[in-house]
Amino acid sequence: MPKPLVSLAWCCALPAILFVSEAHAQGPASCTGSGRPPGKQGTEATGSVYAAASTAGEPVLKTGQEADILLSGVDFDNAGGPLLFNHNGGISSDGRRLLLCDRNNNRVLVWASLPGGNTPPDLVLGQPDFVRNNPGTGRNQMNWPIAVHTDGTRVLVADAYNDRILIWNTFPTRNGQPADLVLQSAPPQPPAANPRTQWGWPWGVWSDGTRVVVTGTGSSAVLIWNSFPVRDDQPADLRLTGGGKLGTPRGVITDGKSLIVGDHNARAAAGQPGTLFGNWVWKTFPTTEDALPDYFLQDPCDNNAGQMNGEFLADGRLALIGKSLYFWNSVPASATTPPALTVDWPFFGGDGSDITEAGTRLYISTANANRIVLYEAPPVSATQAPGVAIGSPDLATNTLDTAFIISNPVPASNGKNLFVTSDFDRRLYIWRSLPGESGAHPDFVYHLQEGPWDIALHGETLAVAGARAASIWKTLPIDGRAPDVTFQGKAGSQTFQRFSGVALDSTNLYLSDPDAGKIHVFRGIPGTSDSPALSLDLPGAMRLDSDGTWLVATCTTQPERQVVIYRISDLRSGSQGQALPTTAVRVNLPQYATVYAGRLFVGDTNFNRVLSWNRVEDALAGKAPDLVLGAEDLAPQPPRIGKKTLFWPGAPVFDGRYLWVGEFKFSERLLRFGGGSVAEPALDTVRFVPAAASAAGAAGAQWLTTLTILNPDRSKGRMVKLSFLPAGRDNRTVPETTVEIPAGRAVVLKDVVGETLGQSGSGGLRLRADGDLLASSRTQDVSAGAGAVTGVDVEALSTSAALSSGLIFPLRNQPGDTGVRTNVGFLNPSEEAAVVETELMDLASGTSLGTIRAELPPLGFTQISDVFGAVGHATPFEAAGLRFTSTKPVFGFGIVLENASNTGRWVPASSTLLGLADAVR
């Protein structure tokens, strides 16, 4: 039986955060910056290649099950590497090192020296390595870290969704190092006897080594410790509420003499809803309980642009990032004091962006551009652009776009194709086939002028609606075609204040106008003079869905009518519909409810779960849900990314085979459930290609690997999971790409590392298959031109070919442009680390030329370029070999290359059981 409903910490403090309008007022003409990239129009074909999902079998959906695949991201527990951020947040520096909150990846990245370009960090906190990104509650884990601060010795992190501050008393030196102290907020209920212990969802943290300041977004308070905490959960000394006007306080900006706190939902008066965006300013640092701020400072370019965040610079100036970048010469004298300089460059900062100064440099973390931008010195002109980007190859690239991370995904599927909208991105994403693997990129991206809030699909008709526009395709746009009909501000004869929800069935088109409190029902697609057949009154009506029998609407502004259901055959103008009862389960700000063949799904956004009833009638009768996803029972959950957990699930859609769930704003994943009914075949055949590349080499060489896979079975196809094992890292969690090999056929993958797997560098390949296969690769220097014969051929090997000791022979060295050089490498096929001890020998004389020790992580790869030079020998050798022993069996190899042509010979390791003399002969 499901457990009874319980309260979720800080869950109800979020309505204004979740549903703030994107329609911001216009600022002065000189301010063109924005928290998000500008809208544009057009259609982009991506050239994406991905494995299609199986459409066979029946869906299997059960409470608490894992998701099958993840879109709008790399993969489960996979951040994509050290330089692929996901909405970076707070940033801090002690003048020597740089720290960045990579908030959606649940980690803090640390550069041991100040980066001057797009160089990877040296250290990660919250994760054991630069790949994984699952959240956790241990001292070595995080769940959505939003702010970081260091005074040069200590490090403090606002671990928002764990409701705590993590403190390292000395600067961390290793990956995943646990915090020394934890300041854990008390739960919100019941009210704490000491309110200075209760401050959930921290968004800002600062310390000068003595005092500590923390913002409690969930408790509408700022907490101050007058002396640095020395024990876990030490209560604060002061609590500020702005006289009850603080709404959801965010970032902390202080020079120790004044205090500025961002607020995303500030109140004009105590007890009122929070509707203001900006920063509270205490011109003198507060030293008494609930000292009142002096004024409320709003973004100079746009009062609705949100709070600003930043830092006091060493020269006393105040730098804040908001819609633009602003500099005041000191603390503003009043709320109307203009900045001394406004830099109007497209930073695309957005919620959570931050600034830190390091020496003369200014680093700006821009959340919606997914990067850090760097000024070598603070800008001095209104149009001065930063010099470089970190986390992006250049200042023009947003890696959220290139990785196809969708801000607010709302899916629609007919069981064959997948369509996804995002209002923030102002885009429609289209997969021509249902994707069957994580990380699959869409085939087409529509760039829309207005942000679509909802999407509907029925038969061959697709509709999207949001803001001032609604567009309809009468034939599904799987070829990139333009919409057939676009309504601007009105549909037929009906004027709309704002389009918000859209639904389709065989008879009707439904469009909601939340500002007018109406759902308008049209018979078919309206013409220019058509009026609605009827209209329904539902204030704040947002998204809609219909299965032809039931019409369901979500409405987050009315506590008792958050999900409203209508029987379509009973519809009349003014019909009220029936609200989803809360007798068995209460929902918290559900953004979307969908109905399929009489089955109801509700995205219970703030309780981080999806609820489903097999029959709408059961839901209306107040019965408990038949299914819960994101939890094992009906207990509300904190937001957490993971296979079995959800983070603000906004939009569930069922296509009869799969349930697709889009997560909102602070997660942005798109998950698929229901694939469990078709069991994935056992991938018992494992092969390794010891060396592959997509990388630049010496003297202008460009090395690429072509992989050929043959399925010898003429009766059935073969599924192969293919992964790249790059050098120098633990590869146990690398992403896999599925390749289907037809019966009795071969597949040739040109540039398998770069094009097929989307990776770069040198490493090995792993192939996991559901049956026998043959595979061979050719790595060659393609800079030699078309038809080049340079390079080496490498066969895929089974793990039985790996050796714990062996000899790589013969190896040669002939220095000079027309000579030869030798590279040596090792691939570890084990999921445990290996240590390889090597000795390079002149076998003609029996002389040792030197030793090299290689440490191989699990599934790790290493290559020693010019092995003779690596041990300090530049003389010719014709009969050399390398003897090795390893703590785990490894694949060893040598590559003897002609310097002039890059023509190579592959030299596999052989067993030394025959003895050295036999090996030499």
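Apart from neighbours within four places in sequence, Ser-667 is in contact with Asn-104, Ile-641 and Phe-647 (contact means heavy atoms within 4.5 Å). The model is predicted, so local features need pLDDT of at least 70 and side-chain atom pairs count only at pLDDT 80 or more, while totals for chains, interfaces and linings use all residues. Residues are numbered from 1 along each chain as its sequence is written, and side-chain values use heavy atoms, with hydrogens and water left out.

Ser-667 counts as buried, at 4% relative accessibility (buried is under 20% relative accessible area, exposed over 50%, partly exposed in between, with a 1.4 Å probe and protein chains only). The residue is placed in the loop between strand E50 (659-663) and strand E51 (670-673); strands (E, at least two residues) and helices (H or I, at least four) are DSSP runs, numbered from the N terminus.

The structure holds 26 aromatic pairs. Rings of Phe, Tyr and Trp (its six-membered ring) pair if their centres lie within 6.5 Å, and planes under 30 degrees apart count as stacked, over 60 as edge-to-face and the rest as tilted. The pair of Trp-199 and Trp-225 is edge-to-face, because the ring centres are 6.2 Å apart and the planes stand at 85 degrees. Trp-199 is buried, at 2% relative accessible area, and Trp-225 is buried at 0%. Trp-453 and Phe-664 also form an edge-to-face pair, with 6.3 Å from centre to centre and 85 degrees between the planes. Trp-453 lies in the loop between strand E30 (444-447) and strand E31 (454-458) and Phe-664 in the loop between E50 and E51, so this pair ties together parts 211 residues apart in sequence.
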